[in-house]
Amino acid sequence: MKLIIAAIKPFKLEEVREALTAIGVRGMMVTEIKGFGAQSGHTEIYRGAEYAVNFVPKVKLEIVVADNLADEVVETILKSAKTDKIGDGKIFVLDVNQAVRVRTGEAGDDAL
């Protein structure tokens, strides 16, 4: 199993969710986050004063899938989250040693 963590622009969340559902992803966790990378924040004007915004709002997706679905999930996120502008986000793929469904006690791929 693989854990796929993706930080994307918030307005792309619904498009990414729909694309992942279409390829068979049955669940994900979503968290509103703030961060920066190459973008390094930006400036905004509020009531005539300019403010530096050092952390940019993002949405973090956490998705656990079977090994054979991981590459397709990454490609789907890449295609549906991309805007061709700085700050599109990052995707990380990690190994998952165990998953257990609390309600039934199913483990491994059956828990997904």
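# Salt bridges, pockets and a buried glutamate

Q: D84, buried or exposed?
A: D84 is exposed, with a relative accessible area of 64%. Bear in mind that this is a predicted model.

Q: Where is D84 found?
A: In the loop between α2 (67-81) and β6 (89-95).

Q: What about phi of D84?
A: Phi of D84 is near 65°. That is a positive value, and D84 is a residue other than glycine.

Q: Changing topic, how many salt bridges are there?
A: The count comes to six. Among them is a pair formed by the side chains of K2 and D95, at 2.3 Å from N to O.

Q: Which residue forms a salt bridge with K12?
A: E15 does, and the closest N and O atoms are 3.0 Å apart.

Q: Is K12 buried or exposed?
A: K12 counts as buried, at 9% relative accessibility. Its partner E15 is partly exposed, at 40%.

Q: What does R101 pair with?
A: The side chain of R101 meets that of E106 in a salt bridge, at 2.9 Å from N to O. R101 is partly exposed at 23% relative accessibility, and E106 is also partly exposed, with 32%.

Q: Now E62, where is it found?
A: E62 is in strand β5.

Q: What is the nearest side chain of opposite charge to E62?
A: K60, at 4.1 Å. E62 is buried yet has no salt bridge.

Q: What is E62 in contact with, leaving aside neighbours within four places in sequence?
A: E62 is in contact with L3, I4, I5, M28, M29 and T31.

Q: On to pockets. How much space lies in the largest pocket?
A: About 390 Å³. The lining has 18 residues, and R26, G27, V64, A111 and L112 are the ones nearest the centre of this pocket.

Q: Which strand gives the most to the lining of the largest pocket?
A: Strand β5 (residues 56-65), with four residues.

Q: How does the lining of the largest pocket split by class?
A: Twelve residues are nonpolar, two are polar and four are charged.

Q: And how much space lies in the second largest pocket?
A: About 300 Å³. In this second largest pocket, 19 residues form the lining, and F36, G37, K58, G89 and K90 lie nearest the centre.

Q: Which strands each supply at least two residues of the lining of the second largest pocket?
A: β1, β2 (29-35), β5 and β6.

Q: What classes make up the lining of the second largest pocket?
A: Nine residues are nonpolar, five are polar and five are charged.

Notes:
Residues numbered from 1 in each chain as written. Predicted model: local features only at pLDDT ≥ 70, side-chain atom pairs only at ≥ 80, totals over all residues. Heavy atoms only, no water. Buried < 20%, exposed > 50% of the residue type's maximum accessible area, 1.4 Å probe, protein only. Salt bridge = Lys/Arg side-chain N within 4 Å of Asp/Glu carboxyl O. 1 Å grid on protein atoms, 1.4 Å probe; cavity = no way out; pocket = protein on both sides within 12 Å on 5 of 7 lines; lining within 4 Å. Points joined across faces, edges and corners; volume = space filled by probe spheres on them. Nonpolar A, V, L, I, M, F, W, Y, C, P; charged D, E, K, R; others polar. Lys, Arg positive; Asp, Glu negative; His and termini not counted. Contact = heavy atoms within 4.5 Å.
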